[in-house]
Amino acid sequence: LITLLSDFGYKDPFVGIMKGVIARVNRMAQVVDLTHGIPPQDILAGAMALRHSARYFPCGTIHVAVVDPGVGGARRPLLIESDGNYFIGPDNGLLSLALADRPAPRVIHLSNPTYHLEPTSATFHGRDIFAPVAAYLSLGVATAAFGEAVEQFVQLQAPQVIRSDRALTGQIVYIDGFGNLFTNIQEQDLLEWERESLSITVGDVTICRVSPSYTDGDAGTGVAVINSWGVLEIALNNDSAERRLGAKIGDRVRVAGT
Amino acid sequence: LITLLSDFGYKDPFVGIMKGVIARVNRMAQVVDLTHGIPPQDILAGAMALRHSARYFPCGTIHVAVVDPGVGGARRPLLIESDGNYFIGPDNGLLSLALADRPAPRVIHLSNPTYHLEPTSATFHGRDIFAPVAAYLSLGVATAAFGEAVEQFVQLQAPQVIRSDRALTGQIVYIDGFGNLFTNIQEQDLLEWERESLSITVGDVTICRVSPSYTDGDAGTGVAVINSWGVLEIALNNDSAERRLGAKIGDRVRVAGT
Amino acid sequence: LITLLSDFGYKDPFVGIMKGVIARVNRMAQVVDLTHGIPPQDILAGAMALRHSARYFPCGTIHVAVVDPGVGGARRPLLIESDGNYFIGPDNGLLSLALADRPAPRVIHLSNPTYHLEPTSATFHGRDIFAPVAAYLSLGVATAAFGEAVEQFVQLQAPQVIRSDRALTGQIVYIDGFGNLFTNIQEQDLLEWERESLSITVGDVTICRVSPSYTDGDAGTGVAVINSWGVLEIALNNDSAERRLGAKIGDRVRVAGT
C-alpha cells in the first residue's frame with residue numbers, strides 16, 4: 001500500500017503520472033491519495049496532514065509526500081523507516097512531524113540512481129525519484145539498496161503553546177476546507193480546565209466553553225470543540241469561521257479560566 | 001466495492017484517512033470516489049449526486065455518503081440495505097433520494113460500538129463510524145450486527161413541479177461544474193409536449209425548443225436538452241449558464257406550449 | 001489498466017459514475033485518474049496533458065480522455081491503437097498529440113452500439129460510450145468489434161516555434177497549478193545556444209539564462225528551466241508566475257542570444 005500527498009493540486013496530470021511510474025514497476029501496488037490540495041509550498045500544512053493521516057493506515061504502508069520548493073537544489077531526497085512504516089520525500093521537514101512520536105527512525109539518502117527514472121528532471125522528483133523508489137520498495141527491495149544511511153534529517157519546528165498562570169496562548173496552525181480553524185492547543189493541554197467555563201478568544205470573538213460537538217450552538221455562532229486531530233478547533237455551525245472571522249494561519253488563540 | 005461521496009473537498013486528507021481506516025480492516029476492498037466536491041453542508045446536492053450515481057454500480061456495492069452538518073449531535077448514523085445494495089451515512093435525508101425508487105429498505109441504526117473506531121470523535125464520523133462499518137460489511141459481517149433495526153429514516157422533500165393548464169413550473173435543483181443548470185423537470189414530464197415548439201424561460205432568457213444535443217446552437221446561445229440524469233437542463237454552448245445567466249439553485253424554470 | 005482524463009472537474013459525480021460503469025463490466029479493471037482538472041472545453045490543454053502522461057504508463061494501458069464540447073453532435077467517438085497502447089475519446093484532436101511520435105495508428109469508429117449503454121444520452125458519452133468500451137476492451141474484446149476502421153482522425157495543430165537568425169519566438173501553451181508557464185520551446189530547440197547567456201523575454205520580464213533548477217534564484221525572481229515535459233518553462237521561486245506576471249496562454253516568449 002502506497003499513499004501520496006502533495007501540493008500538486010488537481011489541475012494537472014502530475015499525480016496521475018506518478019501512478020503510471022508506480023504501475024510500470026509494480027502493477028500490484030495499491031495507491032491511495034491522502035490529498036493533493038496542500039497549499040503550494042506549504043511544508044507545515046503538508047507535515048501536519050501527513051502526521052494525522054499516517055496512523056490510520058496498516059503497518060507497512062509506504063507514505064510518499066511531495067511538497068518540495070527546493071526540488072533540484074541541495075536538499076536531499078529521503079526514505080525514512082520507523083516501526084515498520086515508510087516515509088519518502090524531500091528533506092525539508094515535511095516528513096518530520098509524522099515521525100515525532102515514533103521509535104528511532106532509520107534514514108536513507110536516496111542517492112542510488114539505479115532506482116530513479118533516467119533522465120532525472122530537476123523539477124519533478126515525485127515522478128523521477130520518489131514514485132519509483134516507493135514502487136521498488138513495495139516489491140521488497142531492501143531499504144539499504146536505495147542509498148547510504150544518514151544520521152540527521154530536517155526537523156520542523158511546530159509552533160509551541162505558551163502557558164501562563166491562568167491562560168494558554170496558542171495559534172491557528174491549520175485551516176480545513178470547511179474553514180474550521182485548527183489550533184496547536186491539544187486536548188491534554190486542557191485537562192486541568194473546566195470545559196464548561198473557559199474563555200477562548202480569537203480576534204474579536206470570544207467563546208465561553210468547549211462544546212461536545214458542532215451542533216451545540218446556533219447557526220452562525222462560534223463553537224469550540226476538540227476535533228478529530230485531538231486539538232482545539234474553532235468553527236462556525238454551517239459556515240466558514242475562516243471567512244466570517246477573517247482568520248488566518250498564525251493568528252493567536254487565547255484560552256483563559258473564568 | 002465501496003464508494004465514497006462527501007462535502008470534504010480536496011484540500012484536506014480526510015478522504016485519504018477514511019481509505020486508511022478501510023484498508024486496515026479489509027486490505028482487499030476496492031474504493032471508488034463518487035465525488036468530494038459537494039458544496040459544504042448541501043444535503044440536497046449530495047442526495048441527488050448519490051441518486052444518479054448508485055444505479056451505475058454493480059449489485060452489492062456499499063455506498064458511503066457523508067454530508068453531515070449534524071455530526072456528533074442527535075442525528076443517527078445509519079446503514080440501509082435495499083435490493084442487495086448498501087447505503088451508509090447520517091440520517092439527515094442524504095441517503096433518501098437514492099432509495100426512492102428501490103424496494104422497501106432495511107434500516108439499521110449503527111449503535112454497536114464494536115465496529116467503530118475508539119475513541120470516537122464528535123466531528124468525524126466518516127473516519128470513526130461510517131468507514132469502519134463499510135469495511136466490516138465488505139468482509140461479510142451481517143447487517144444486524146451493526147445495531148438495531150429501525151422503521152423510519154429522514155426523507156428529503158425534493159422540490160415538486162407545478163403543473164397548470166398549458167405550463168409547467170419547476171426549478172433549478174443542481175448546477176454542475178460546467179455551470180449547466182439541472183432542473184427538476186423530468187423527461188416524462190414533457191412527453192405530451194412538442195419538443196420543437198416550447199418556450200422554456202429562466203430569468204430573462206427564453207429558449208424555444210428542447211434540442212437533441214448541446215451542439216444544436218451557436219456558441220454562447222442558450223440551449224435546453226434532456227441530460228444524462230433524464231432531466232431538462234439549460235446550458236450555454238462552450239460557456240457557463242450559471243455565470244452568464246446569473247442563475248442559482250431554486251430559480252424558477254417555466255415551460256409553456258406555444 | 002485504464003486511465004481517465006477529463007474536464008469534468010471535481011464538483012460532480014461524473015467521474016465516479018464512469019468508474020461504476022467500468023466496474024459493472026470488469027470488476028478487475030484498475031482505474032487511474034490522470035486529471036479531471038482540464039479547463040472546460042480546453043482540448044489543447046487536455047491533449048498536452050495526455051501526451052506527457054501516456055509514456056509513463058505500462059504497455060497495454062487504455063487511456064480514456066473526455067474533453068468533448070461536441071458531444072452528441074457529428075464528431076465521431078474513436079478508439080485508436082498504436083504500439084500496443086489504446087486511446088479512447090472524441091475525434092476532436094484530443095488524442096492526436098499523444099499519438100504524434102508513435103507508430104501508425106489503427107483507428108476505429110465506435111459505431112457498434114452493442115458496447116454502449118442503452119439508452120445512450122446525448123450529453124455524457126464518457127458514461128455511455130467511452131467507459132463501457134474501455135471496460136470491454138480491458139476484458140479482451142477485439143478492437144475490430146467496436147466499429148469500422150477509418151483512415152483519418154482530427155489532428156490538433158500545436159503552435160509552432162518561429163526561428164530567425166539569432167532568436168526563437170514561441171508561446172505559452174500550458175500553465176500548471178503552481179502558475180508555472182510552459183512554452184512550446186523544446187530542450188532540443190536550445191541545443192546550439194549557450195544556456196548561461198540567453199535572454200528570455202515574456203511580457204515585461206527578461207531572464208538572462210536557463211537555470212538548472214527552480215532554486216537558482218531569489219524568492220520572487222523569475223527563473224527559466226527545462227521542465228519535466230522537456231520544454232522551456234518560466235517560473236517564480238515560491239510564487240505564481242501566471243499571477244505575478246499576468247501571463248496567459250498564447251503569450252509570446254522570445255529567446256535571443258546575447
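Me: Across the interface of chain A and chain B, how many residue pairs are in polar contact?

Reply: A polar contact is a pair of N or O atoms within 3.5 Å, where within protein one must be able to donate a hydrogen and the other to accept it, and where residues adjacent in sequence count only if both atoms are side-chain atoms. In this predicted model, for which local features need pLDDT of at least 70, side-chain atom pairs count only at pLDDT 80 or more, and totals for chains, interfaces and linings use all residues, side-chain values use heavy atoms, with hydrogens and water left out. Residues are numbered from 1 along each chain as its sequence is written, while chains are lettered from A and ligands numbered from 1 in the order in which they are written. Across the interface of chain A and chain B, the rule finds 15 residue pairs in polar contact, both residues being at pLDDT 80 or more.

Me: How many salt bridges does the rule find across the interface of chain A and chain B?

Reply: A salt bridge is a side-chain nitrogen of Lys or Arg within 4 Å of a carboxyl oxygen of Asp or Glu, and across the interface of chain A and chain B the rule finds zero of them.

Me: What area do chain A and chain B bury between them?

Reply: The size of an interface is often given as the accessible area lost when the parts come together. Buried area is counted here with a 1.4 Å probe and summed over both parts, and chain A and chain B bury about 2600 Å² between them, 58% of it on carbon and sulfur atoms. In chain A, the residues that lose the most area to chain B are Y56(A), F178(A) and S228(A), together 26% of what that side buries.

Me: Which rotation superposes chain A on chain B?

Reply: Two copies of a chain are related by a rotation about an axis and a shift along it. The superposition is by least squares on the C-alpha atoms of residues with pLDDT of at least 70 in both copies, and a rotation of 120 degrees with 0.0 Å of shift along its axis brings chain A onto chain B, with an RMSD of 0.0 Å. The two copies are therefore related as by a three-fold rotation axis. Of the residues of chain A, Y10(A) comes closest to the rotation axis, its C-alpha lying at 4.8 Å.

Definitions and conventions. Buried area = accessible area lost by both parts, 1.4 Å probe.
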